[in-house]
Structure formats: structure tokens, C-alpha cells
Amino acid sequence: MPVLTKKFVYISDLKKHEGQQVVLQGWVQNRRDSKGIVFIVLRDGTGFIQCVILEDVIGVELFDKVKRLGLESSLRITGTVKTDEKQTGGYEIQADAVEIFSEAEEYPIGKKDHGVDFLLSRRHLWLRSKKQWAIMRIRNQIIYSIHNFFQNRGFVQMDSPIFTGNAVEGTTNLFETEFFDQPAYLSQSGQLYGEAMAMAMGKIYTFGPTFRAEKSKTRRHLSEFWMIEPEMAFYDLEMDMDVIEDFIRTVVGDVIEKCKEELAIIERDLTKLETVVKPFPRILYDDAVSIIRGEKDVDGKNAIKTLEQDLENIKTRISEIKTDIEIREQSLKQAGLKKGVIAFNEEKVRQLKLELKDLEEDERNIPNWLESAKNFKRGEDFGGSDETVITRMFDTPIMVYNWPKAVKAFYMKEDAPGIAKGVDVLAPEGYGEIVGGGERETDINKLLEAIHHHQLPMEAFEWYLDLRRFGSVPHSGFGLGLERIICWVCKLPHVRESIPFPRFVGNLFP
RNA sequence: UCCUCAGUAGCUCAGUUGGUUAGAGCAUCUGACUGUUAAUCAGAGGGUCCCUGGUUCAAGUCCAGGCUGGGGAGCCA
């Protein structure tokens with residue numbers, strides 16, 4: 001292996017070195033060769049750059065080796081930074097010298113598309129690919145922005161325990177483990193501990209892992225995910241919603257401003273994100289139900305009719321695609337076609353079939369969603385499809401508040417009888433719930449009653465009740481699912497792509 | 001747990017009403033090409049058609065049961 005040097009440059013800094021000779025170190029992202037010339041797209045974690053290597057410059061023996069390098073081989077390239085309009089970054093490297101760290105074995109992730117299943121089983125390598133690189137950089141920006149947002153506003157970060165002796169809300173399945181011969185559970189929320197800390201610090205936020213043992217197999221569930229839970233003393237529900245709105249607007253705004261290259265790589269439609277500058281509609285649960293049931297229009301649009309129209313559009317599109325596929329397959333049967341034409345059409349057919357599969361899935365699902373929306377019973381919690389139905393009406397996140405007490409956690413503040421001062425934030429484009437929060441109950445007697453009613457073990461909550469015994473004050477907070485907001489910001493098809501190593505039922509490796 | 005879709009080469013997929021020796025692209029290997037952008041072109045190797053049983057002269061294809069995976073419902077961020 002070559003001797004290490006401190007004098008190397010990152011691809012992201014190349015614009016400072018235009019016309020100069022630099023040393024780059026990284027991995028082969030792609031390689032193309034012709035007689036006497038090799039093009040290597042090098043990646044170093046900060047970006048991608050094409051390097052041009054000539055046989056005349058590096059000599060026959062080394063050239064022969066470089067020409068055969070497998071994908072993801074590691075190397076150092078010394079060369080001159082040149083402007084080239086054809087390159088995405090605007091630069092390329094004319095190589096003067098090449099040193100090989102390691103020649104890679106046959107790389108399992110090829111240049112063509114793969115299924116998610118296969119890619120997840122190689123997640124440790126998949127993370128190197130361009131799109132995943134962009135997603136992980138956006139994830140990093142979101143994490144950074146979240147800390148900035150709260151730190152700039154005087155919130156104190158706290159870590160809540162991961163081993164807990166009780167289930168916070170008593171409803172969901174928890175991972176059971178053992179804590180020195182006692183049964184213990186992996187935390188499903190830092191909420192209650194956050195409340196305690198808010199009484200000590202005024203404003204706090206947690207940022208940590210959360211565990212849920214439900215065997216959910218959907219594109220928006222993980223067994224292990226990261227949650228941000230702020231808690232503020234002397235804040236009511238309205239002030240809570242003000243914070244949530246400011247928070248989401250700031251974080252998404254930061255990503256738009258600072259991740260332009262990454263957003264371009266994942267081909268995100270920015271106009272869909274830029275709407276976060278608009279006020280988020282605040283909708284009473286009661287009104288939301290009316291909208292879902294199609295009894296109340298939004299700006300002249302009816303939720304049920306919109307969804308029925310969506311279904312019609314999908315059916316039209318399905319028959320269009322089927323015709324298109326048939327025409328292309330017929331034309332492929334002709335003799336004497338050029339190879340390029342065949343490849344183009346075969347690829348097109350493949351893409352159309354993938355799209356068709358998704359659309360047919362929707363075609364099967366939407367009638368059920370329509371049925372469920374029309375028959376939605378006032379007093380129930382929203383299902384995933386109900387969220388889709390209502391968010392379809394808006395182009396910004398919406399906040400639905402004042403929920404039936406029965407469907408919310410025991411610690412939610414009761415406003416009018418049977419009404420809890422909770423709020424759910426639903427993201428647009430079908431992403432649904434990204435935030436759940438609300439104002440907390442201050443009255444110890446109502447809490448005692450709620451704990452009984454939910455059949456929770458009183459002794460586990462004694463310490464929590466102390467927060468009401470010693471200087472109870474109105475306070476509020478919320479929980480944000482990190483992976484859920486990443487999914488929406490990046491418009492990912494699946495939450496599994498939003499975290500480096502996803503954990504979900506049946507997936508413990510890598 | 002229920003509903004639904006799928007399983008064919010290392011990967012992504014095609015395979016007609018059951019009918020010769022199961023195909024293509026990518027990847028790999030050999031060769032050509034001095035500006036390629038998933039480079040291209042010529043050639044080669046590569047198969048437990050998920051498993052078990054059944055129908056049939058004949059099964060990748062039809063039937064039954066099972067296994068594995070995707071999506072949806074429930075639950076939720």
C-alpha cells in the first residue's frame with residue numbers, strides 16, 4: 001500500500017484548486033476505458049469527480065492494471081484540476097500519477113437497478129452509492145438543524161433512559177429485556193422523563209433511539225428509530241403548535257438551502273418543499289373528520305371526490321401503460337432492429353412494468369380507503385389511509401388538534417369533557433404523521449383517574465405524579481420521528497432507506 | 001393474525017392456449033476502440049426454474065399443500 005500523506009484534498013474543495021496539481025484519495029465509483037485512456041469516477045465521501053488517465057502518462061504496466069480495476073477499488077490519484085462543462089461538478093482531473101491502495105474483488109452491487117431486498121442485505125455497501133450518499137448527508141443536515149433550532153432558543157438537550165420499568169402509554173408492544181433479574185423494557189418514548197427535566201430546566205429536548213416491537217410490515221415503520229421530544233414549561237397547546245410550525249419550517253428550509261447537490265441527486269421536486277414557508281393549516285379534529293367523510297370541502301375540493309378522481313386517473317394510466325407496453329413489445333419482435341433501439345425499448349418496458357405494479361397496488365387499495373373514509377366514525381383515531389385522504393387536500397403539513405380523549409395517551413390535558421389537547425402533524429404527499437404532541441394534564445386527580453382507566457401500574461408512575469404534587473404548571477411538548485421527516489423531505493419510497501442500518505421485523509443483519 | 005402480490009443465471013427480468021437443448025441485459029473473463037458519462041462493439045463461461053406431492057405421452061407453465069419475501073389492515077413517529 002502507498003505511504004500515507006497529509007497533503008491530500010477533498011473533492012468538495014476542488015474549486016479552490018482550479019488549474020493546480022492536487023492529490024485525491026478515494027474509491028472507484030465507475031470506470032470506462034478505451035484504447036490508451038481510462039475514465040475513473042472517483043468518490044471520497046465528499047463528492048464525485050471524473051479522472052482521466054492516459055497510458056502515455058502513467059506507463060503501460062500500471063495502465064494495464066488501472067484499466068482492469070474493479071468497482072470500489074481504492075486509490076490515490078495525483079493530477080491537475082481542469083474545468084470541463086460536460087462534468088456535473090464542472091471539473092475533471094487530468095491524472096499525472098496513480099497509486100493503488102487495494103484492488104477490489106468483484107463488487108456485488110452493479111450499475112443496473114437492484115431490488116430493495118438485495119440491496120438491504122448489502123446495506124453496508126449500498127451506503128456507498130450516490131443516492132444513499134445524498135440521503136445520509138440530508139439526514140445529517142436535518143440532525144444538525146434540529147440541534148441548532150433548539151440550542152438557539154435556549155432548550156437544554158437531555159438523554160432519557162433506554163431501560164425503563166414501565167410502558168409509557170401502556171398500549172404498544174415493547175421489547176422486553178432483563179435488568180439485573182428484573183423485567184425491563186426498551187424505551188418507547190422519553191416523554192415522561194422529559195416532563196421531569198422541563199420542570200428543572202424550563203425547556204428541554206431529547207434526541208435518542210426509540211423501540212417498538214410491533215410486527216409492522218409497512219413502508220413507514222421501523223422497530224428502532226430516532227425521536228426528538230421537546231418539552232416546555234408554561235406552554236399551552238397553541239404555543240406548542242407555534243413551536244412545531246417554526247421548527248419544521250426551519251429544518252426543511254435549512255435542507256433546501258444547504259443540500260442543493262444532494263437534493264438534485266435524489267431528484268427531489270423542490271417546489272413541493274418550498275411551500276413550508278406558507279402557514280400550516282390548524283384543523284380541529286371534528287372538522288378533519290368532516291373533511292375525511294366528504295361532508296366538508298377545502299377550497300372547493302372534496303376529499304372523497306378527489307380520491308375517486310385519483311382512482312379514475314390511476315385506471316386510465318394503467319390502461320395507457322398496458323397499451324404502451326404492448327406496442328413496444330410488438331415492435332421489438334420486428335427483425336433487423338438496431339441493438340440500441342432494442343435496449344432502449346426493453347428498458348422502457350421494464351420501467352413501465354414497475355410503475356404498473358405500483359399503480360395496480362393503488363388500484364386495489366384505494367377502494368378500501370374510500371370505504372373507510374366514507375364510514376369514518378367520529379371519535380376514532382385516523383388510520384394510515386385517512387391521513388392520506390386528508391393530506392391530499394393540502395400542499396403544506398397540516399396540524400390536526402383537539403382529539404377525542406379516548407384515542408390519546410393518558411397524560412394529555414382534557415379541555416372540554418372528552419377532548420384532549422393533543423396535536424398530530426401530517427406531512428403532505430402521502431407521508432402522514434410526522435409529529436405527535438400536545439399539552440399535558442396538570443390536575444393530579446385527573447391523572448390518577450386516567451391511570452386507573454388505562455389499567456396502568458400506579459406504583460410505576462408515583463415519581464411522575466410528584467411533578468404535579470410539587471409545583472404543577474401548564475406544559476406542552478411533542479415528538480418528531482426523525483426517519484419520517486427524512487422520508488418526506490427526500491420523498492423516499494420506504495423508511496428503511498432513511499437510516500444507515502434499519503431494524504425491522506426479520507432484519508437484524510447487517 | 002387477516003387480506004393481497006410475488007419467487008427463473010451473481011443482479012434485474014422475459015418465457016405465449018403445457019410441446020425441441022429455458023432466454024435477454026448487466027456483472028465476470030478474452031479481444032477491439034485515444035473523450036467516455038449505466039460508454040460501445042465481437043466472443044466465452046454461468047441454471048436445484050423456492051420446496052414436496054399430483055395430473056399428463058410431456059410441467060418453469062396446470063392443481064394441492066408448504067416455505068420465504070414485498071405491500072396493505074391493526075399499531076404508531
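Two strands are taken as paired if DSSP finds at least two bridges between them, and helices (H or I, at least four residues) and strands (E, at least two) are DSSP runs numbered from the N terminus. The structure is a predicted model, in which local features need pLDDT of at least 70 and side-chain atom pairs count only at pLDDT 80 or more, whereas totals for chains, interfaces and linings use all residues. Residues are numbered from 1 along each chain as its sequence is written, and side-chain values use heavy atoms, with hydrogens and water left out.

Under these criteria, three strands form an open antiparallel sheet in the order 7-9-8, with strand 7 (163-164) and strand 8 (176-179) at the edges, each pairing on one side only. Strand 8 is joined to strand 9 (residues 182-186) by four bridges in the antiparallel sense, and E178 has P183 of strand 9 as its bridge partner. Elsewhere, strand 5 (residues 91-102) pairs in parallel with strand 3 (residues 48-54) over three bridges, C51 standing opposite I93 of strand 5. Strand 4 (residues 74-83) runs antiparallel to strand 5 and is joined to it by 10 bridges; here R76 stands opposite E99.

Among the helices, the axes of helix 6 (residues 191-201) and helix 15 (residues 462-469) come within 10 Å and cross at roughly 35 degrees, the axes being lines fitted to C-alpha atoms over the stretch in contact and the angles running from 0 to 180 degrees between N-to-C directions. The contact (heavy atoms within 4.5 Å) involves L192, Y193, E195, A196 and M199 of helix 6 and W463, Y464, L467 and R468 of helix 15.

Helix 16 (residues 482-490) is mostly covered, with eight of its nine residues buried, where buried means under 20% relative accessible area, computed with a 1.4 Å probe on protein chains only. The buried residues include I485, I486, W488 and V489, and just after the helix K491 takes a positive phi of about 50 degrees.

W488 is also, with I142, I146 and I248, among the residues with the most contacts inside the largest nonpolar core, which has 88 residues; such a core is a set of buried Ala, Val, Leu, Ile, Met, Phe, Trp, Tyr and Cys residues joined through side-chain atoms within 4.5 Å. The largest share of this core, 10 residues, comes from helix 7 (residues 237-258). Leaving aside neighbours within four places in sequence, the contacts of W488 include I248, V252, R268, P397 and Y431. Apart from this core lies another, of 32 residues, among them V289, I325, A373 and F382.

Terms used. Chains lettered and ligands numbered in written order. Buried < 20%, exposed > 50% of the residue type's maximum accessible area, 1.4 Å probe, protein only.
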